[in-house]
Amino acid sequence: MLRLVNVLKRYKTGDVALNNVSLEIPDGQVIALIGPSGAGKSTLIRCVNRLVTPTEGKIFLGDTELTALSSRALRKARRRMGMIFQEYALVERLTVMENVLSGRLGYVGFWASWFRKFPKKDVQEAYRLLDRVGLMDMADKRADELSGGQRQRVGICRALIQNPELLLVDEPTASLDPKTSRQIMRLINELCAERGLAAIINIHDVHLAQMYSQRIVGLKLGELVFDGPPDGLVPDVLTEIYGEEDWEATIEDVDEDDEDVDEDGETEGPRT
Amino acid sequence: MPIIQTPGGPTWQRRTTPKQLIIWFSWLVGIAVVVFAWLRIADNDLLWVYMPTVGREATDMVSRMVPPKWSYIDVLWKPIWDTLNIATIGTVMAMILAVPIAFAAAVNTTPHRAVRAVALFIIVASRSVNSLIWALALVFILGPGILAGTLAIGLRSIGGCSKLLYEAIEEIDHKQVEAIEATGASRLQQMAYGIMPQVMPTFAGVAVFRWDINVRGSTILGLVGAGGIGLQLSGSMATLAWTQVSMILIAILGTVVISEYVSAKVRHAII
């Protein structure tokens with residue numbers, strides 16, 4: 001279980017990116033975090049694995065207080081949290097296999113990793129995961145040879161090979177076309193279900209959020225303004241989160257078939 | 001305010017009129033300074049007594065140089081080989097030392113601001129001393145020979161290599177490093193997996209580029225006794241053996257052309 005208690009993040013510029021956010025995510029629950037650009041979604045998940053250090057408040061993963069860890073203990077704790085990025089953040093000049101295995105860096109020593117001497121079971125697990133996401137033949141390709149969807153699958157493998165309890169997913173579909181977006185979201189969802197993983201998924205596409213999560217949390221200007229089931233996202237709530245707009249078209253066909261997703265072409269603003 | 005309101009509607013020009021005048025005036029001052037400096041040199045520093053004989057002396061020297069003493073090449077193979085070794089080993093030495101210095105000097109990888117200051121100082125110190133001066137000092141300490149030359153080339157190259165490397169390290173894509181950090185990797189592992197792959201092409205390019213410079217640089221080290229073909233050059237000049245001098249110059253030219261060719265090929269292969 002992940003627990004955020006009164007988390008506040010104030011950047012050096014004085015901007016308050018998160019204001020007293022408290023949130024509990026039980027084991028195995030997939031939540032979608034929605035909100036306009038600059039609402040603090042990225043900051044929130046980065047506070048959890050402490051790529052960003054919260055200014056105030058506490059964050060617990062199980063019994064571990066993440067906000068109180070020394071750097072050594074933090075490295076250990078990070079192994080329990082897999083992260084998936086908006087623009088994949090693969091190391092472009094390494095092979096697919098090396099990228100996947102880099103998810104094990106928290107477990108192996110420096111020289112073993114320098115000489116690429118990963119334990120046999122890690123390599124086998126990497127092949128198993130690549131097979132699971134349909135990239136078995138790509139293991140020896142360099143990451144920059146892959147398409148966007150393929151790269152994101154590699155990113156997913158890198159997160160899963162950590163054997164995490166929690167996935168932190170930052171805009172996984174923002175750089176992908178609508179069909180690939182759905183496939184990636186479905187894949188993340190299936191994998192979470194298979195492994196009983198909890199996940200926080202930052203996402204701009206409200207429609208996708210409703211389709212592929214059990215719970216939706218809305219952020220606005222760093223504050224939590226909605227927390228409820230996907231069908232609780234009525235137009236009034238969306239207006240509260242994003243501002244005035246005609247929301248009917250965005251949410252009406254939640255239960256309909258896969259055919260047309262309205263891709264929102266919005267690009268991510270500066271991470272605040 | 002490049003947009004100017006006129007009765008016929010707004011028009012646009014690149015600069016406002018005052019700015020344009022300032023730029024024009026700066027050019028005027030700059031050119032005037034150059035002309036003035038030329039005149040000063042002509043008045044004070046030029047030894048006019050030499051001027052009437054310039055043409056005669058030049059043709060005289062050239063005539064003494066031709067034909068080059070082709071047979072002298074037999075003596076030159078060994079110094080050419082030494083010269084290449086000085087350049088190559090010096091470059092390897094510089095690159096090995098430049099990598100840790102570059103990581104210490106780059107803002108995003110330095111362990112501490114004080115460490116960064118030391119690294120930057122090493123870079124400046126190495127760059128500010130010409131390799132010929134390094135060689136002079138080292139010949140004093142180590143005695144004449146190839147070792148002094150190699151160290152001189154190496155010490156001179158550390159700064160240049162480190163500077164290019166640390167600039168490359170500062171320009172990497174930070175997201176890739178962040179992703180590695182998020183897996184629980186240590187700082188060293190983040191460098192090995194997140195940064196090294198991104199800067200490897202630059203490292204290779206810098207090494208070849210520097211080797212190319214060093215081949216040219218090491219041809220003159222012999223002038224101060226630090227080994228290589230420069231020793232023959234200074235000897236031949238001292239004994240006024242001009243046909244040997246021209247042979248040596250041809251040999252140096254050939255070496256440099258070949259090294260440029262090799263480095264261009266290698267650079268193509270890695271980038």
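# Worked exercises on a predicted two-chain model

The domain assignment divides chain B into domain 1 (3-65) and domain 2 (70-270). The model used throughout these exercises is predicted.

**Exercise 1. Describe how helix 6 of chain B is oriented towards helix 5 of chain B and towards helix 3 of chain B.**

Step 1. Begin with helix 5 (residues 131-142) of chain B and helix 6 (residues 146-170) of chain B, whose axes come within 8 Å and cross at roughly 140°.

Step 2. An angle counts as roughly antiparallel only when it is over 145 degrees, and helix 5 and helix 6 of chain B are therefore oblique to each other. Their crossing is right-handed.

Step 3. On the side of helix 5 of chain B, the residues that take part are Ser131(B), Trp134(B), Ala135(B), Leu138(B), Val139(B) and Leu142(B). The residues that they meet in helix 6 of chain B include Leu147(B), Leu151(B), Ile153(B) and Arg156(B). The contact between these two helices is made up of 11 nonpolar residues, two polar residues and one charged residue.

Step 4. Turn next to helix 3 (residues 73-105) of chain B, which packs against helix 6 of chain B at an angle of about 40°, with the two axes 6 Å apart. Since angles count as roughly parallel when they are under 35 degrees, helix 3 and helix 6 of chain B are likewise described as oblique to each other.

Step 5. Helix 3 of chain B passes helix 6 of chain B in a crossing that is right-handed, and the residues of their contact divide into 20 nonpolar, eight polar and one charged.

**Exercise 2. Work out the strand order of the open sheet of four strands in chain A, and say which strands stand at the edges.**

Step 1. The four strands of this open sheet in chain A follow the order 2-1-4-5, and their pairing is antiparallel.

Step 2. Strand 2 (16-25) and strand 5 (64-65) of chain A each have a single partner strand, so that one side of each is left without a neighbour in the sheet, and these are the strands at the edges.

Step 3. Strand 1 (residues 2-10) and strand 4 (residues 56-61) of chain A run antiparallel and are joined by five bridges. Within this pair, Leu2(A) has Leu61(A) of strand 4 as its bridge partner.

Step 4. Helix 1 (residues 41-48) of chain A packs on the sheet, where it touches strand 1, strand 2 and strand 4 of chain A, and its direction makes about 60° with that of strand 2.

Step 5. Strand 2 of chain A also contains Asn20(A), a residue that has a positive phi of about 55° although it is not a glycine.

**Exercise 3. Trace the pairings of strand 9 of chain A with strand 3 and with strand 10 of chain A.**

Step 1. Strand 3 (residues 30-34) and strand 9 (residues 215-220) of chain A pair in the parallel sense over four bridges, and Ala32(A) has Ile216(A) in strand 9 as its bridge partner.

Step 2. Strand 9 of chain A is also joined by five bridges to strand 10 (residues 223-228) of chain A, and here the strands run antiparallel. Val217(A) is partnered in strand 10 by Asp227(A).

Step 3. Strand 9 and strand 10 of chain A form a hairpin with two residues between them, and Leu221(A) in the turn has a positive phi of about 50°.

**Exercise 4. Describe the contact between the domains of chain A, and then the contact between chain A and chain B.**

Step 1. Chain A is assigned domain 1 (1-80 + 166-178 + 197-272) and domain 2 (90-163), with C-alpha centres that lie 26 Å apart.

Step 2. Seven residues of domain 1 of chain A are in contact with seven residues of domain 2 of chain A. The side that belongs to domain 1 comprises three nonpolar residues, one polar residue and three charged residues.

Step 3. Between the chains, 22 residues of chain A are in contact with 19 residues of chain B. On the side of chain A, the elements that give two or more residues are helix 2 (71-78) and helix 4 (110-114), and the residues of this side divide into nine nonpolar, six polar and seven charged.

Technical notes. Residues numbered from 1 in each chain as written. Chains lettered and ligands numbered in written order. Predicted model: local features only at pLDDT ≥ 70, side-chain atom pairs only at ≥ 80, totals over all residues. Axes fitted to C-alpha atoms, helices over the stretch in contact; angles between N-to-C directions. Parallel < 35°, antiparallel > 145°, perpendicular 65-115°, else oblique. Left-handed = near helix turned anticlockwise from the far one by under 90°. Contact = placed C-beta atoms within 7 Å. Nonpolar A, V, L, I, M, F, W, Y, C, P; charged D, E, K, R; others polar. Domains from an automatic or database assignment. Pairing = 2+ DSSP bridges.
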